[in-house]
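Take a walk through this structure.

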Amino acid sequence: MRPYRDVHQADVLVFGAGPAGIAAAVAAARRRQTVRLIELQSVVGGVMSCCPGMMLGSGYPCGTSVGGFFEEFVGRLFDHDPPLAERRACDLENFGDEVVYDHEYALSLLYDMLREAGVEVLANHLPCRVEVTGDEIVHVDVATTRGVEPFSAGVYVDCTGNGDIAAAAGVPSQMGDDEGRMMGATLTFFMLGVDWDRAFPPGFDPYFTQYAERGIAAGRLPRTMPQIYLLKGFREGTVFFNTVTVTGVDGTDPRSVAKGAQVARRYVMQLARFCREEMPGFEHSHVADIGPSLGVRETRRPEGLYRLTAADITAATKFEDGVVACDSPLDEVFRDDSSSVYSHEAALPKGEYYTIPFRTLVPRKIKNLLFAGRARSVDLKAYASGRGMPQCMVMGQSAGVGAAMANEERCTVQQIDRARLVRELVREGVNGIGGGRL
Ligand SMILES: Cc1cc2nc3c(=O)[nH]c(=O)nc-3n(C[C@H](O)[C@H](O)[C@H](O)COP(=O)(O)OP(=O)(O)OC[C@H]3O[C@@H](n4cnc5c(N)ncnc54)[C@H](O)[C@@H]3O)c2cc1C
(Lines give C-alpha, C1' and ligand atoms only; values in the text may rest on other atoms or scores of the structure.)
Protein backbone atom coordinates (compact mmCIF):
# COMPACT_ATOMS: atom_id res chain seq x y z
CA MET A 1 0.00 0.00 0.00
CA ARG A 2 1.18 3.51 -0.78
CA PRO A 3 1.62 6.01 2.04
CA TYR A 4 -0.98 8.75 2.53
CA ARG A 5 -1.13 11.58 0.07
CA ASP A 6 -3.29 14.67 0.50
CA VAL A 7 -6.57 14.41 2.30
CA HIS A 8 -9.48 14.51 -0.20
CA GLN A 9 -11.80 17.26 1.00
CA ALA A 10 -15.50 17.65 0.36
CA ASP A 11 -18.35 19.49 2.01
CA VAL A 12 -20.36 16.28 2.26
CA LEU A 13 -19.18 12.68 2.04
CA VAL A 14 -21.94 10.15 1.49
CA PHE A 15 -21.19 6.46 2.02
CA GLY A 16 -23.30 3.91 0.14
CA ALA A 17 -24.91 4.56 -3.24
CA GLY A 18 -28.26 2.89 -2.64
CA PRO A 19 -31.61 4.69 -2.85
CA ALA A 20 -30.84 6.66 0.33
CA GLY A 21 -27.25 7.57 -0.54
CA ILE A 22 -28.02 8.68 -4.09
CA ALA A 23 -30.85 10.92 -2.90
CA ALA A 24 -28.67 12.31 -0.09
CA ALA A 25 -25.81 13.09 -2.46
CA VAL A 26 -28.06 14.73 -5.06
CA ALA A 27 -29.93 16.77 -2.43
CA ALA A 28 -26.70 18.09 -0.89
CA ALA A 29 -25.08 18.82 -4.26
CA ARG A 30 -28.14 20.77 -5.40
CA ARG A 31 -27.50 23.05 -2.43
CA ARG A 32 -24.08 23.92 -3.85
CA GLN A 33 -22.13 21.52 -1.63
CA THR A 34 -19.18 19.61 -3.04
CA VAL A 35 -20.26 16.02 -2.63
CA ARG A 36 -18.43 12.72 -2.98
CA LEU A 37 -20.36 9.46 -2.97
CA ILE A 38 -18.30 6.48 -1.83
CA GLU A 39 -19.56 3.05 -2.84
CA LEU A 40 -17.84 -0.27 -2.24
CA GLN A 41 -19.47 -2.05 -5.19
CA SER A 42 -18.73 -1.28 -8.84
CA VAL A 43 -22.20 0.13 -9.54
CA VAL A 44 -24.65 2.42 -7.83
CA GLY A 45 -28.21 1.44 -6.91
CA GLY A 46 -27.82 -0.58 -3.70
CA VAL A 47 -30.69 -3.09 -3.62
CA MET A 48 -31.75 -1.78 -7.06
CA SER A 49 -28.54 -3.21 -8.49
CA CYS A 50 -27.97 -6.24 -6.25
CA CYS A 51 -31.62 -7.31 -6.75
CA PRO A 52 -32.15 -5.96 -10.30
CA GLY A 53 -35.78 -5.11 -10.95
CA MET A 54 -36.82 -4.97 -7.28
CA MET A 55 -40.13 -3.13 -7.15
CA LEU A 56 -40.31 0.30 -5.55
CA GLY A 57 -42.88 -0.38 -2.85
CA SER A 58 -44.66 1.86 -0.36
CA GLY A 59 -44.27 5.02 -2.40
CA TYR A 60 -47.99 5.84 -2.24
CA PRO A 61 -49.19 5.86 1.36
CA CYS A 62 -52.96 6.40 1.39
CA GLY A 63 -52.75 6.44 -2.40
CA THR A 64 -50.60 9.62 -2.61
CA SER A 65 -46.94 9.82 -3.60
CA VAL A 66 -44.40 10.48 -0.83
CA GLY A 67 -43.05 13.05 -3.29
CA GLY A 68 -39.53 14.46 -3.22
CA PHE A 69 -36.70 12.53 -4.84
CA PHE A 70 -38.89 9.45 -5.30
CA GLU A 71 -41.49 11.37 -7.30
CA GLU A 72 -38.86 13.09 -9.40
CA PHE A 73 -37.13 9.79 -10.17
CA VAL A 74 -40.22 7.77 -11.06
CA GLY A 75 -41.74 10.80 -12.81
CA ARG A 76 -38.81 10.83 -15.23
CA LEU A 77 -39.30 7.10 -15.88
CA PHE A 78 -43.07 7.53 -16.38
CA ASP A 79 -42.59 10.54 -18.69
CA HIS A 80 -40.06 8.82 -20.93
CA ASP A 81 -41.27 7.99 -24.44
CA PRO A 82 -41.99 5.08 -24.26
CA PRO A 83 -42.59 4.92 -20.49
CA LEU A 84 -39.93 3.03 -18.54
CA ALA A 85 -41.97 2.38 -15.41
CA GLU A 86 -45.51 1.66 -14.39
CA ARG A 87 -47.48 2.14 -11.16
CA ARG A 88 -49.34 -1.06 -10.25
CA ALA A 89 -51.33 -2.46 -7.35
CA CYS A 90 -49.22 -4.86 -5.30
CA ASP A 91 -50.55 -8.44 -5.26
CA LEU A 92 -49.93 -8.75 -1.51
CA GLU A 93 -52.35 -7.64 1.18
CA ASN A 94 -51.75 -4.36 3.06
CA PHE A 95 -49.31 -2.96 0.52
CA GLY A 96 -50.46 -0.08 -1.67
CA ASP A 97 -49.29 0.54 -5.19
CA GLU A 98 -45.72 -0.16 -6.24
CA VAL A 99 -43.62 0.88 -9.21
CA VAL A 100 -42.18 -1.65 -11.65
CA TYR A 101 -39.55 -0.37 -14.03
CA ASP A 102 -36.92 -1.24 -16.59
CA HIS A 103 -33.94 -1.68 -14.31
CA GLU A 104 -31.18 -0.87 -16.80
CA TYR A 105 -32.78 2.44 -17.73
CA ALA A 106 -33.59 3.18 -14.11
CA LEU A 107 -29.97 2.71 -13.02
CA SER A 108 -28.79 4.86 -15.93
CA LEU A 109 -31.21 7.57 -14.85
CA LEU A 110 -29.74 7.46 -11.33
CA TYR A 111 -26.29 8.01 -12.86
CA ASP A 112 -27.73 10.91 -14.89
CA MET A 113 -29.22 12.51 -11.79
CA LEU A 114 -25.90 12.22 -9.93
CA ARG A 115 -24.03 13.72 -12.88
CA GLU A 116 -26.50 16.55 -13.37
CA ALA A 117 -26.20 17.47 -9.69
CA GLY A 118 -22.39 17.41 -9.88
CA VAL A 119 -21.79 14.52 -7.46
CA GLU A 120 -18.45 12.75 -7.76
CA VAL A 121 -19.22 9.01 -7.72
CA LEU A 122 -16.40 6.91 -6.30
CA ALA A 123 -17.30 3.28 -6.95
CA ASN A 124 -15.02 0.43 -5.86
CA HIS A 125 -14.00 2.46 -2.81
CA LEU A 126 -14.00 0.65 0.53
CA PRO A 127 -13.95 2.70 3.73
CA CYS A 128 -11.65 0.89 6.13
CA ARG A 129 -11.09 3.18 9.13
CA VAL A 130 -12.96 6.07 10.70
CA GLU A 131 -10.81 8.52 12.65
CA VAL A 132 -12.76 10.19 15.47
CA THR A 133 -11.43 12.89 17.78
CA GLY A 134 -13.68 13.93 20.63
CA ASP A 135 -17.18 13.71 19.20
CA GLU A 136 -16.22 14.44 15.60
CA ILE A 137 -15.15 12.39 12.63
CA VAL A 138 -11.85 13.81 11.40
CA HIS A 139 -11.41 11.68 8.30
CA VAL A 140 -12.21 8.28 6.85
CA ASP A 141 -9.54 6.08 5.31
CA VAL A 142 -10.75 4.60 2.05
CA ALA A 143 -9.07 1.70 0.22
CA THR A 144 -8.93 1.14 -3.52
CA THR A 145 -6.68 -1.00 -5.69
CA ARG A 146 -4.31 2.00 -5.65
CA GLY A 147 -3.90 2.18 -1.90
CA VAL A 148 -5.50 3.78 1.13
CA GLU A 149 -6.35 7.47 1.11
CA PRO A 150 -8.02 9.75 3.67
CA PHE A 151 -11.24 11.58 2.85
CA SER A 152 -12.61 14.33 5.03
CA ALA A 153 -15.77 16.42 5.00
CA GLY A 154 -17.86 18.89 6.93
CA VAL A 155 -20.58 16.28 7.31
CA TYR A 156 -20.49 12.51 6.77
CA VAL A 157 -23.69 10.70 5.77
CA ASP A 158 -23.88 6.97 6.38
CA CYS A 159 -26.20 5.35 3.81
CA THR A 160 -24.46 1.98 3.82
CA GLY A 161 -27.64 0.19 4.91
CA ASN A 162 -25.56 -1.52 7.59
CA GLY A 163 -24.63 1.62 9.49
CA ASP A 164 -20.95 0.74 8.94
CA ILE A 165 -19.63 4.27 9.31
CA ALA A 166 -21.74 5.00 12.37
CA ALA A 167 -20.58 1.75 14.00
CA ALA A 168 -16.93 2.50 13.22
CA ALA A 169 -17.41 5.98 14.70
CA GLY A 170 -18.65 4.40 17.93
CA VAL A 171 -22.39 4.96 17.56
CA PRO A 172 -24.12 2.21 19.59
CA SER A 173 -26.56 0.01 17.68
CA GLN A 174 -28.81 -3.01 18.01
CA MET A 175 -28.93 -5.88 15.56
CA GLY A 176 -31.57 -8.57 15.12
CA ASP A 177 -34.09 -9.93 17.62
CA ASP A 178 -33.40 -11.07 21.19
CA GLU A 179 -31.38 -13.96 19.81
CA GLY A 180 -29.56 -11.81 17.26
CA ARG A 181 -31.52 -13.36 14.37
CA MET A 182 -32.14 -11.11 11.38
CA MET A 183 -34.65 -11.36 8.54
CA GLY A 184 -33.69 -13.78 5.78
CA ALA A 185 -31.66 -12.51 2.83
CA THR A 186 -32.84 -13.09 -0.74
CA LEU A 187 -31.25 -13.80 -4.10
CA THR A 188 -33.60 -12.44 -6.74
CA PHE A 189 -33.87 -13.41 -10.38
CA PHE A 190 -36.10 -13.14 -13.43
CA MET A 191 -37.60 -15.74 -15.73
CA LEU A 192 -38.06 -14.47 -19.28
CA GLY A 193 -40.44 -15.79 -21.93
CA VAL A 194 -43.30 -16.58 -19.54
CA ASP A 195 -46.90 -16.72 -20.78
CA TRP A 196 -48.43 -14.24 -18.32
CA ASP A 197 -52.02 -15.23 -19.00
CA ARG A 198 -51.40 -18.82 -18.02
CA ALA A 199 -48.95 -18.10 -15.21
CA PHE A 200 -51.25 -15.53 -13.54
CA PRO A 201 -54.85 -16.71 -14.03
CA PRO A 202 -57.63 -14.63 -12.43
CA GLY A 203 -57.59 -14.97 -8.62
CA PHE A 204 -54.11 -16.51 -8.53
CA ASP A 205 -52.39 -17.04 -5.17
CA PRO A 206 -49.40 -14.64 -5.11
CA TYR A 207 -47.44 -17.20 -3.11
CA PHE A 208 -48.22 -20.16 -5.40
CA THR A 209 -48.49 -22.24 -2.23
CA GLN A 210 -49.92 -25.38 -3.82
CA TYR A 211 -47.03 -25.61 -6.24
CA ALA A 212 -44.54 -25.00 -3.46
CA GLU A 213 -46.07 -27.76 -1.34
CA ARG A 214 -45.99 -30.12 -4.28
CA GLY A 215 -42.35 -29.29 -5.01
CA ILE A 216 -41.30 -29.84 -1.41
CA ALA A 217 -43.22 -33.13 -1.16
CA ALA A 218 -41.46 -34.38 -4.30
CA GLY A 219 -38.07 -33.33 -2.92
CA ARG A 220 -37.67 -30.90 -5.80
CA LEU A 221 -37.74 -27.69 -3.77
CA PRO A 222 -36.01 -26.95 -0.47
CA ARG A 223 -38.15 -27.50 2.65
CA THR A 224 -37.63 -23.82 3.44
CA MET A 225 -39.67 -22.71 0.41
CA PRO A 226 -43.33 -23.21 1.37
CA GLN A 227 -44.22 -20.06 -0.58
CA ILE A 228 -43.06 -18.98 -4.02
CA TYR A 229 -43.38 -15.22 -4.29
CA LEU A 230 -43.21 -14.08 -7.86
CA LEU A 231 -44.74 -11.22 -9.78
CA LYS A 232 -44.99 -9.77 -13.26
CA GLY A 233 -41.95 -7.73 -14.25
CA PHE A 234 -42.11 -4.49 -16.20
CA ARG A 235 -41.68 -6.07 -19.64
CA GLU A 236 -44.30 -8.46 -21.06
CA GLY A 237 -43.39 -12.07 -20.39
CA THR A 238 -40.93 -11.32 -17.56
CA VAL A 239 -41.46 -12.65 -14.03
CA PHE A 240 -39.53 -11.41 -11.01
CA PHE A 241 -38.80 -13.86 -8.17
CA ASN A 242 -38.40 -12.37 -4.68
CA THR A 243 -38.47 -15.72 -2.97
CA VAL A 244 -35.15 -17.56 -2.66
CA THR A 245 -34.43 -16.63 0.92
CA VAL A 246 -31.71 -17.94 3.22
CA THR A 247 -31.60 -17.45 6.96
CA GLY A 248 -28.67 -17.16 9.35
CA VAL A 249 -26.91 -14.58 7.17
CA ASP A 250 -25.16 -11.71 8.94
CA GLY A 251 -25.22 -8.88 6.40
CA THR A 252 -22.35 -7.10 8.16
CA ASP A 253 -20.04 -10.08 7.54
CA PRO A 254 -18.98 -10.46 3.87
CA ARG A 255 -18.08 -14.14 4.42
CA SER A 256 -21.54 -14.89 5.74
CA VAL A 257 -23.13 -13.08 2.76
CA ALA A 258 -20.92 -14.92 0.25
CA LYS A 259 -21.72 -18.28 1.82
CA GLY A 260 -25.46 -17.55 1.80
CA ALA A 261 -25.30 -16.45 -1.84
CA GLN A 262 -23.75 -19.77 -2.84
CA VAL A 263 -26.57 -21.72 -1.20
CA ALA A 264 -29.16 -19.38 -2.71
CA ARG A 265 -27.74 -19.72 -6.21
CA ARG A 266 -28.29 -23.50 -6.04
CA TYR A 267 -31.90 -22.92 -4.91
CA VAL A 268 -32.47 -20.46 -7.78
CA MET A 269 -31.52 -23.05 -10.38
CA GLN A 270 -33.64 -25.71 -8.61
CA LEU A 271 -36.67 -23.42 -8.52
CA ALA A 272 -36.26 -22.26 -12.12
CA ARG A 273 -36.22 -25.85 -13.30
CA PHE A 274 -39.24 -26.68 -11.18
CA CYS A 275 -41.18 -23.72 -12.61
CA ARG A 276 -40.32 -24.67 -16.19
CA GLU A 277 -41.38 -28.28 -15.70
CA GLU A 278 -44.36 -27.90 -13.36
CA MET A 279 -45.98 -24.46 -13.57
CA PRO A 280 -48.28 -23.41 -16.42
CA GLY A 281 -46.90 -20.61 -18.57
CA PHE A 282 -43.26 -21.24 -17.71
CA GLU A 283 -42.63 -24.07 -20.21
CA HIS A 284 -40.56 -21.93 -22.58
CA SER A 285 -39.00 -19.58 -20.06
CA HIS A 286 -35.40 -19.18 -18.97
CA VAL A 287 -33.49 -17.60 -16.09
CA ALA A 288 -32.00 -14.09 -16.36
CA ASP A 289 -30.63 -11.33 -14.14
CA ILE A 290 -29.76 -13.35 -11.06
CA GLY A 291 -28.69 -10.80 -8.46
CA PRO A 292 -24.90 -10.39 -8.23
CA SER A 293 -25.25 -10.62 -4.45
CA LEU A 294 -27.77 -11.51 -1.77
CA GLY A 295 -30.21 -8.75 -0.90
CA VAL A 296 -29.81 -8.06 2.81
CA ARG A 297 -32.92 -6.75 4.54
CA GLU A 298 -31.82 -6.22 8.10
CA THR A 299 -28.66 -5.38 10.04
CA ARG A 300 -27.77 -2.56 12.45
CA ARG A 301 -30.21 -0.13 13.94
CA PRO A 302 -27.99 2.74 15.11
CA GLU A 303 -29.14 4.78 18.10
CA GLY A 304 -30.36 8.25 17.26
CA LEU A 305 -31.80 11.24 19.07
CA TYR A 306 -35.15 9.47 18.89
CA ARG A 307 -36.03 5.80 18.46
CA LEU A 308 -39.19 5.25 16.41
CA THR A 309 -41.37 2.58 18.00
CA ALA A 310 -44.10 0.26 16.78
CA ALA A 311 -46.47 2.14 19.13
CA ASP A 312 -45.69 5.39 17.26
CA ILE A 313 -46.63 3.66 14.03
CA THR A 314 -49.86 2.15 15.32
CA ALA A 315 -50.87 5.58 16.63
CA ALA A 316 -50.25 7.06 13.14
CA THR A 317 -47.96 9.63 14.74
CA LYS A 318 -47.05 12.61 12.62
CA PHE A 319 -43.93 14.09 14.13
CA GLU A 320 -43.08 17.79 13.88
CA ASP A 321 -39.78 16.76 12.35
CA GLY A 322 -41.34 14.02 10.20
CA VAL A 323 -39.48 13.84 6.88
CA VAL A 324 -41.38 11.14 4.98
CA ALA A 325 -44.83 9.57 5.14
CA CYS A 326 -45.37 5.85 5.38
CA ASP A 327 -48.21 3.36 5.73
CA SER A 328 -46.27 0.14 5.07
CA PRO A 329 -47.27 -3.01 6.88
CA LEU A 330 -44.90 -4.81 9.23
CA ASP A 331 -43.11 -6.53 6.38
CA GLU A 332 -41.46 -9.40 8.26
CA VAL A 333 -39.38 -12.04 6.57
CA PHE A 334 -38.62 -15.17 8.56
CA ARG A 335 -35.52 -15.18 10.77
CA ASP A 336 -35.07 -18.95 10.93
CA ASP A 337 -36.35 -21.92 8.98
CA SER A 338 -38.96 -23.04 11.51
CA SER A 339 -41.85 -21.43 9.62
CA SER A 340 -40.31 -19.83 6.50
CA VAL A 341 -43.39 -17.76 5.69
CA TYR A 342 -43.59 -14.08 4.89
CA SER A 343 -45.92 -11.88 6.91
CA HIS A 344 -47.14 -8.35 6.30
CA GLU A 345 -49.58 -7.51 9.01
CA ALA A 346 -51.18 -4.04 8.78
CA ALA A 347 -49.24 -1.66 11.01
CA LEU A 348 -51.91 1.01 11.40
CA PRO A 349 -55.58 1.63 10.62
CA LYS A 350 -56.48 1.66 6.92
CA GLY A 351 -56.32 5.13 5.40
CA GLU A 352 -53.80 6.31 8.02
CA TYR A 353 -50.10 6.95 7.85
CA TYR A 354 -47.22 7.99 10.10
CA THR A 355 -44.09 10.02 9.49
CA ILE A 356 -40.46 9.13 10.15
CA PRO A 357 -38.79 11.80 12.30
CA PHE A 358 -35.49 13.38 11.28
CA ARG A 359 -34.18 12.69 14.80
CA THR A 360 -34.05 8.96 13.92
CA LEU A 361 -31.26 9.89 11.47
CA VAL A 362 -29.19 11.92 13.94
CA PRO A 363 -26.73 10.24 16.32
CA ARG A 364 -26.74 11.38 19.94
CA LYS A 365 -23.11 12.39 20.18
CA ILE A 366 -21.14 12.51 16.95
CA LYS A 367 -21.48 16.08 15.74
CA ASN A 368 -20.86 15.68 12.02
CA LEU A 369 -22.56 12.40 11.10
CA LEU A 370 -26.05 11.55 9.85
CA PHE A 371 -27.44 8.19 8.80
CA ALA A 372 -30.37 7.45 6.50
CA GLY A 373 -32.20 4.63 4.76
CA ARG A 374 -32.35 1.11 6.10
CA ALA A 375 -30.00 1.96 8.99
CA ARG A 376 -31.93 4.29 11.25
CA SER A 377 -32.99 4.53 14.87
CA VAL A 378 -36.04 2.28 15.30
CA ASP A 379 -37.16 -0.59 17.47
CA LEU A 380 -37.22 -4.07 15.99
CA LYS A 381 -40.91 -4.08 15.09
CA ALA A 382 -40.85 -0.61 13.58
CA TYR A 383 -37.84 -1.62 11.47
CA ALA A 384 -40.11 -3.94 9.50
CA SER A 385 -42.13 -0.96 8.27
CA GLY A 386 -40.58 2.06 6.58
CA ARG A 387 -37.70 0.33 4.83
CA GLY A 388 -39.23 0.59 1.35
CA MET A 389 -37.01 2.25 -1.24
CA PRO A 390 -39.25 5.33 -1.65
CA GLN A 391 -39.00 6.01 2.10
CA CYS A 392 -35.25 5.42 1.97
CA MET A 393 -34.92 7.89 -0.91
CA VAL A 394 -36.74 10.64 0.95
CA MET A 395 -34.89 9.91 4.21
CA GLY A 396 -31.69 10.21 2.19
CA GLN A 397 -32.91 13.47 0.67
CA SER A 398 -33.55 14.84 4.16
CA ALA A 399 -30.07 13.83 5.30
CA GLY A 400 -28.56 15.55 2.25
CA VAL A 401 -30.48 18.75 2.94
CA GLY A 402 -29.62 18.47 6.65
CA ALA A 403 -25.92 18.00 5.91
CA ALA A 404 -25.91 21.07 3.68
CA MET A 405 -27.72 23.10 6.34
CA ALA A 406 -25.22 22.06 9.02
CA ASN A 407 -22.37 23.21 6.79
CA GLU A 408 -24.11 26.45 5.81
CA GLU A 409 -24.98 27.33 9.38
CA ARG A 410 -21.76 25.95 10.86
CA CYS A 411 -23.67 23.97 13.40
CA THR A 412 -23.63 20.38 14.60
CA VAL A 413 -26.11 17.89 13.19
CA GLN A 414 -27.92 17.91 16.52
CA GLN A 415 -28.37 21.69 16.19
CA ILE A 416 -29.90 21.62 12.69
CA ASP A 417 -33.05 23.73 12.65
CA ARG A 418 -35.46 20.85 12.10
CA ALA A 419 -38.50 23.06 11.48
CA ARG A 420 -36.61 24.79 8.68
CA LEU A 421 -35.40 21.48 7.33
CA VAL A 422 -38.99 20.25 7.07
CA ARG A 423 -40.01 23.48 5.30
CA GLU A 424 -37.17 22.96 2.82
CA LEU A 425 -38.34 19.41 2.15
CA VAL A 426 -41.91 20.58 1.60
CA ARG A 427 -40.50 23.12 -0.86
CA GLU A 428 -38.72 20.22 -2.59
CA GLY A 429 -42.07 18.47 -3.03
CA VAL A 430 -42.13 16.02 -0.12
CA ASN A 431 -45.76 15.27 0.76
CA GLY A 432 -47.58 14.63 4.03
CA ILE A 433 -45.11 16.37 6.36
CA GLY A 434 -44.84 19.78 8.01
CA GLY A 435 -48.51 19.90 8.97
CA GLY A 436 -49.69 19.07 5.44
CA ARG A 437 -51.69 15.86 5.04
CA LEU A 438 -51.51 13.38 2.22
C1 LIG B 1 -34.58 -9.03 -0.77
C2 LIG B 1 -35.17 -7.69 -0.53
C3 LIG B 1 -36.45 -7.40 -0.95
C4 LIG B 1 -36.96 -6.12 -0.79
N5 LIG B 1 -38.18 -5.81 -1.31
C6 LIG B 1 -38.53 -4.51 -1.45
C7 LIG B 1 -39.61 -4.12 -2.27
O8 LIG B 1 -40.29 -4.94 -2.89
N9 LIG B 1 -39.88 -2.79 -2.38
C10 LIG B 1 -39.12 -1.84 -1.72
O11 LIG B 1 -39.38 -0.65 -1.91
N12 LIG B 1 -38.12 -2.19 -0.93
C13 LIG B 1 -37.79 -3.49 -0.79
N14 LIG B 1 -36.73 -3.87 -0.01
C15 LIG B 1 -36.16 -2.91 0.91
C16 LIG B 1 -35.25 -1.90 0.27
O17 LIG B 1 -34.70 -2.41 -0.92
C18 LIG B 1 -34.14 -1.46 1.20
O19 LIG B 1 -34.62 -1.21 2.49
C20 LIG B 1 -33.49 -0.20 0.62
O21 LIG B 1 -32.86 -0.51 -0.61
C22 LIG B 1 -32.49 0.38 1.57
O23 LIG B 1 -31.88 1.46 0.94
P24 LIG B 1 -30.49 1.97 1.45
O25 LIG B 1 -30.04 3.00 0.48
O26 LIG B 1 -30.59 2.31 2.88
O27 LIG B 1 -29.55 0.68 1.40
P28 LIG B 1 -29.11 -0.26 0.20
O29 LIG B 1 -30.09 -0.28 -0.90
O30 LIG B 1 -28.78 -1.54 0.86
O31 LIG B 1 -27.79 0.42 -0.34
C32 LIG B 1 -26.63 0.51 0.45
C33 LIG B 1 -25.43 0.76 -0.44
O34 LIG B 1 -24.30 0.94 0.38
C35 LIG B 1 -23.21 0.18 -0.10
N36 LIG B 1 -22.35 -0.12 1.04
C37 LIG B 1 -22.54 -1.04 2.01
N38 LIG B 1 -21.57 -0.97 2.91
C39 LIG B 1 -20.74 0.04 2.51
C40 LIG B 1 -19.58 0.61 3.05
N41 LIG B 1 -19.07 0.19 4.22
N42 LIG B 1 -19.01 1.62 2.38
C43 LIG B 1 -19.52 2.08 1.21
N44 LIG B 1 -20.63 1.58 0.65
C45 LIG B 1 -21.25 0.57 1.31
C46 LIG B 1 -23.88 -1.03 -0.71
O47 LIG B 1 -23.03 -1.66 -1.64
C48 LIG B 1 -25.11 -0.41 -1.35
O49 LIG B 1 -24.84 0.06 -2.64
C50 LIG B 1 -36.20 -5.13 -0.14
C51 LIG B 1 -34.91 -5.41 0.31
C52 LIG B 1 -34.39 -6.68 0.10
C53 LIG B 1 -32.98 -6.95 0.52
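A residue is near a molecule or strand if its C-beta atom, placed from the backbone, lies within 6 Å of it. Of the 36 residues around the ligand, Gly16, Gly18, Gly46, Gly295 and Gly373 come nearest. The model is predicted: local features need pLDDT of at least 70, side-chain atom pairs count only at pLDDT 80 or more, and totals for chains, interfaces and linings use all residues. Residues are numbered from 1 along each chain as its sequence is written.

Helices (H or I, at least four residues) and strands (E, at least two) are DSSP runs, numbered from the N terminus. α1 (19-29) and α11 (389-409) each supply at least two residues of the ligand shell. α1 gives the most, with 3 residues.

Next, the domains. Their bounds come from an automatic or database domain assignment. Domain 1 covers 8-178 + 299-329 + 343-427, and domain 2 covers 187-288. Their centres, taken over C-alpha atoms, are 29 Å apart. The contact (C-beta atoms, placed from the backbone, within 7 Å) takes 13 residues from domain 1 and 10 residues from domain 2. On the domain 1 side, β3 (85-89) and β4 (97-101) are the elements that give two or more residues.

Last, the helix pair. Axes are lines fitted to C-alpha atoms, for helices over the stretch in contact, and angles run from 0 to 180 degrees between N-to-C directions. The axes of α3 (residues 68-79) and α11 come within 7 Å and cross at roughly 120°. That makes α3 oblique to α11: angles under 35 degrees count as roughly parallel, over 145 as roughly antiparallel, 65 to 115 as roughly perpendicular and the rest as oblique. Gly68, Phe69, Phe70 and Phe73 in α3 meet Pro390, Met393, Val394 and Gln397 in α11.

Methods
Two residues are in contact if their C-beta atoms, placed from the backbone, lie within 7 Å.
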